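Colleague: I'd like to learn to read the features of a model. Let's take them one at a time.

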Amino acid sequence: MGSLNPPALPAVDFSEPNLKPGSQGWGSVKFQVRKALEDYGCFEATFNKIPIDLRKAIFKGLEELFDLPLPTKLRNISKKPFHGYVGQYPQVPLFESLGIDDANIPEKIDSVTNLFWPEGNPSFSTTMQSFAEQLSELDQIVRRMIVESLGLDKYLEEHMNSTNYLLRAMKYKGPKTTETEVGLSSHTDKNMVTILYQNQVVGLEVETKNGEWITVKPSEDSFIIMIGDSLNAWLNGRLHSPYHRVMMSGNEARYSVGLFSVPKAGYTIKAPEELIDEEHPLLFKPFDHVEFLSFYYSEEGQRVQSALKAYCGV
């Protein structure tokens, strides 16, 4: 028999109208964020600044996007691994995704939209840009709380300016079987912070530090916030970067959209000296995120258990 109370991710509410740095509410939420990310590396966030009609429009836009012919989707190319169109992989046949760099900037999203719809698609462009812009506010709140909670205030401006935003649209086809199949293999994210929003089809699973898998129950009212390897390295291991995967069954497609804060090419990720001492020796040598990504997608990088440790571990 299954547990009456299956394990769940911590929940953090960002909906307080006066959630400002220095306020009592800010301090309380900041403590919850730090605790959740130390223990789990992720949490479920309530953030009501994104209206429900925009959230519904997101999934309509994703369906419209992935219904395009394959040759059209293949126009989305990028020099950065996993930033353009990803699909047709024998290892994960249920999965495909499309990346949009700087999706919070109208001109950037319009440019990508016109790749798919040369005649234009203002509704899609406006929906994606608005969603990315508003979700970037949540990313900035979370990252500021992390920096403050670790006493790294003097690095705040540099840290916030070190990243761009990648919006990634994702689809996982239903395998049309009651047996569970892999939608996306177990991995850690390689960026700073990931914010995921998903439709009502179950699939996302997160591994705890003790090796137990938590099935994330989708909710239209919440987002999943997750730490990536780049932030884990910058913070010298203070916060946990969790392994996660997507497991699919049934007939329904799972749609999700993620906002990824990604270190800029040329920016060196280096742990602040304040986080290095006898109790916390340096874990990772300084590295460039884009070069790290290239290693991760190499044959060697795909073979090792932890690409981060293999690439720049001390």
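Modeller: Start with the salt bridge: a side-chain nitrogen of Lys or Arg within 4 Å of a carboxyl oxygen of Asp or Glu. Here R303 forms one with E299, the closest N and O atoms being 4.0 Å apart. This is a predicted model, where local features need pLDDT of at least 70 and side-chain atom pairs count only at pLDDT 80 or more, while totals for chains, interfaces and linings use all residues. Residues are numbered from 1 along each chain as its sequence is written, and side-chain values use heavy atoms, with hydrogens and water left out.

Colleague: Where do R303 and E299 lie?

Modeller: Both are in helix α9 (residues 299-303), 4 residues apart, about one turn of the helix. Helices (H or I, at least four residues) and strands (E, at least two) are DSSP runs, numbered from the N terminus.

Colleague: Are R303 and E299 buried or exposed?

Modeller: Buried means under 20% relative accessible area, exposed over 50%, and partly exposed in between (1.4 Å probe, protein chains only). R303 is exposed at 60%. E299 is exposed too, at 68%.

Colleague: How many salt bridges does a search of the whole structure find?

Modeller: The search finds 11. Side chains of opposite charge can pair when their charged atoms come close. Take E148 and R144: their closest N and O atoms are 3.0 Å apart. The two residues are 4 apart in helix α5 (residues 122-149), so about one helical turn separates them. E148 is buried, with a relative accessible area of 15%. R144 is partly exposed, at 32%.

Colleague: Which salt bridge does E274 form?

Modeller: E274 pairs with K154, the closest N and O atoms being 3.1 Å apart. E274 lies in the loop between β13 (268-269) and β14 (287-288), and K154 in the loop between α5 and α6 (156-160), so the pair ties together parts that are 120 residues apart in sequence. E274 is partly exposed at 35% relative accessibility. K154 is exposed, at 62%.

Colleague: Now cysteines. How many disulfides does the structure hold?

Modeller: A disulfide is a covalent bond between the sulfur atoms of two cysteines. The test is a pair of cysteine sulfur atoms within 2.5 Å. The structure holds 0. As for accessibility, C42 is buried at 0%. C312 is buried as well, with a relative accessible area of 2%.

Colleague: How do I read a sheet?

Modeller: Look at which strands pair. Two strands pair if DSSP finds at least two bridges between them. Here 4 strands form an open sheet in the order β6-β11-β8-β9, with antiparallel pairing. The edge strands, β6 (177-187) and β9 (213-215), each pair on one side only.

Colleague: How many bridges join β8 to β11?

Modeller: There are 3 between strand β8 (residues 204-207) and strand β11 (residues 244-250), and the two run antiparallel.

Colleague: Last, helix packing. At what angle do α2 and α5 pack?

Modeller: Axes are lines fitted to C-alpha atoms, for helices over the stretch in contact, and angles run from 0 to 180 degrees between N-to-C directions. Helix α2 (residues 52-66) packs with α5 at an angle of about 130°, their axes 9 Å apart. That makes α2 oblique to α5. Angles under 35 degrees count as roughly parallel, over 145 as roughly antiparallel, 65 to 115 as roughly perpendicular and the rest as oblique.
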